[in-house]
Amino acid sequence: MRDDQAGDRKDDTRAAEYVLGVLSAAERREVQRQLATDSALRAEVERWEDRLAPLISEVSAVEPPMHIWRGIEERISAAGKPKLRRSRWESLAFWRSMTFGAAALAAASLAALVYVSTSVQPLRPMVANVAGVQSSFVAAIDPASRSLTIIPSAVTSYEQHSLQLWLIASGGKPQSLGLIESAKPVRVMLPAQVVLSTDATLAVSLEPPGGSPTGQPTGPVIASGKITNL
Amino acid sequence: MVLSDTKTADESVAARNELVAALMRIADGDRAALQFVYQRTAAKLFGVCLRILPDKIEAEDVVQEAYVTVWRRAGTFDPDRGSPIAWLAAIARNKAIDRLRGGTRRMKPLEDAVDIADVTPSALSAVITNETHRRLMECIDGLDARDASAIRETFLDGATYEKLASRLSIPLGTIKSRIRRSLTQLRECLGDA
C-alpha cells in the first residue's frame, strides 16, 4: 500500500473488507451509509463482489424446503410489482427535465432511500408508482421521518389547475397531502393522523388553483397507485 | 444448476446469459422469471446463508428476504458492471451478515455449527469452471497458506476481525494487517483494478 494514494486505497480496503464480511455491525452500517452517496465506493464494492463471488463455489448447495418458495410468492404479492429501474432513475433526460435544485432534492431522497433499504431498519421505505393515462409520478416515502417525495416522471401541463395529492387508506376517505408540482419534485411531511400502510393508495387530482375548496377531491383523478414496500 | 454443477465454459456463458435475461424480465414484473432464477440459484444461496447463519430458521428467513429483494431490485442490476451470480450472492450474503451482526439470533450448540461449516474438497472443485473462477483460486493459492484459508473462511462464514483473531489466537492488529495485505495482493494478482 502506498501513501500517495492513501485515500483511494483506504476506500478500496474498506470496500474489500465490507465484501469479505469482516466488519463489525457499526462499521457495516457506516459503509452502507456511505454507499448511498458515494458512487466510487459503490463501484469498488461491486468490483470486489465480482472478484470474490467465485468463492461461494466452496459452499455446498442445500435444497431449501418447499415452503420457502411459497413464502417468497406471498411476500412479493404483498410487495407488488418491481418499481426501481436503473434506466429510468439514471436517465439523463429524466433529470434534465427538472431544475437542478429539484433534481438534487430528489437525488438526496433517493440516496436516503437506498441507504435505508440496505441497512437493518424496522421501518422500511415505501414507494408508489402513481400513474394515469397521460401523467405519472413516482413517490418515495420514508416512514422514519414521515416524509414523502413525489417526483413527476411524465406529466402533461395542466394550466389553470393545481395538482393535489391524496392518500386514501383502504376503505377510508381521501386525506389531502397538499399541492404538488407537474415539473419538479415536491417533498411533503405526512400529517400526524395519516396512518401509513401498504394497502393505501396515492392519487393526484386536478383542482382549482390553490387546491380543493372542500377538503375532498373535486376534479378528475389524473394518476393513482398503491403504496408498496421497497 | 447455474451455481453448482460443473459446466464447460460455453455452458457457463449460456447460463449467465439466461440469468441476465431473467433478471431483466423480473424487472418488468415477470414472476415466472423470478421462479426461474430461484430454481437455478436457491440451493446455492441457501447453502451460503446457512453457512453464515447456522440457525436454519434464520437462514430460511434471510433467503426469502433475498429473493424478495431480487424481485424489487432486479431493475438495478447492470450486466455491464458485474455477473448476475455475484449480484445475487451479494444480496444474500449482505442480508445474512447483517442478520448475524444483529446479535439477536439463538446460539447453536458447537457440534451443529461445525457440522454445517464442513467444506468438502469435492464441493470446492465443482464450480471452478471458467476463467474468472480459476484465476481467483490461483491468486488465493498464491497467498500465504494461513492467509488464504482465513480469507476463504471469512468470506464464507462472515466472521469479524475480532472473531477471526480469537479463533486463530493471534492479536487483532496482526490479523487486520494480514487480511488487508492479502486483499491488496489479491487485487494486484487479479489485475483488474
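**A walk through chains A and B**

S169(B) sits in the loop between α9 (161-168) and α10 of chain B. Helices here are DSSP runs of H or I with at least four residues, strands are runs of E with at least two, and both are numbered from the N terminus. The phi of S169(B) is near 50°, a positive value in a residue other than glycine. For context, most residues other than glycine have a negative phi. S169(B) counts as exposed because it has 6 C-beta neighbours inside 10 Å. On burial, a residue is buried if 20 or more other C-beta atoms lie within 10 Å of its own, exposed if 12 or fewer, and partly exposed in between, with C-beta atoms placed from the backbone.

Before going on, a word on the source. This is a predicted model, in which local features need pLDDT of at least 70 and side-chain atom pairs count only at pLDDT 80 or more, while totals for chains, interfaces and linings use all residues. Residues are numbered from 1 along each chain as its sequence is written, and chains are lettered from A and ligands numbered from 1 in the order in which they are written.

There is a positive phi to show in chain A as well. R146(A) has a phi near 50°, and it is not a glycine. R146(A) lies in the loop between β2 (136-142) and β3 (147-154) of chain A. R146(A) counts as partly exposed, because 15 C-beta neighbours lie inside 10 Å.

Now chain B as a whole. Among contacts in chain B with a separation of 6 or more, 65% are between residues 24 or more positions apart. Two residues are in contact if their C-beta atoms, placed from the backbone, lie within 7 Å.

Next, helix packing. Two packed helices are described by the angle between their axes and the distance between the axes. The axes are lines fitted to C-alpha atoms, for helices over the stretch in contact, and the angles run from 0 to 180 degrees between N-to-C directions.

Take α3 (residues 56-73) and α4 (residues 84-102) of chain B, which pack at about 135° with their axes 9 Å apart. That angle makes α3(B) oblique to α4(B). The cut-offs are under 35 degrees for roughly parallel, over 145 for roughly antiparallel, 65 to 115 for roughly perpendicular, and oblique for the rest. On the α3(B) side the contact includes E58(B), V62(B), V63(B) and T69(B), and on the α4(B) side it includes L88(B), A92(B) and R99(B). By class, this contact has 8 nonpolar, 1 polar and 4 charged residues. Nonpolar means Ala, Val, Leu, Ile, Met, Phe, Trp, Tyr, Cys and Pro, charged means Asp, Glu, Lys and Arg, and the others, Gly among them, are polar.

T69(B), in helix α3 of chain B, counts as partly exposed because it has 19 C-beta neighbours inside 10 Å.

D147(B), A150(B) and I151(B) of α8(B) make the contact with R178(B), I179(B) and S182(B) of α10(B). Here the classes are 3 nonpolar, 1 polar and 2 charged residues.

What about the cores? A nonpolar core is a set of buried Ala, Val, Leu, Ile, Met, Phe, Trp, Tyr and Cys residues joined through C-beta atoms within 7 Å. The largest one has 73 residues, and those with the most contacts inside it include I26(B), C49(B), V63(B) and A92(B). Setting aside residues up to four places away in sequence, C49(B) touches A59(B), V62(B), V63(B), A92(B) and A96(B). A second, separate core of 25 residues includes I150(A), L163(A), V204(A) and I227(A).

One residue leads us to the other chain. Leaving aside neighbours within four places in sequence, R93(B) is in contact with G21(A), V48(B) and I52(B). The C-alpha atoms of R93(B) and V48(B), 45 residues apart along the chain, are separated by 7.1 Å.

Last, the interface. In total, 43 residues of chain A are in contact with 65 residues of chain B. On the chain A side, the elements giving two or more residues are α1 (6-20), α2 (25-35), α3 (39-52) and α4 (66-79). The largest share, 7 residues, comes from α4(A). By class, that side of chain A has 24 nonpolar, 6 polar and 13 charged residues.
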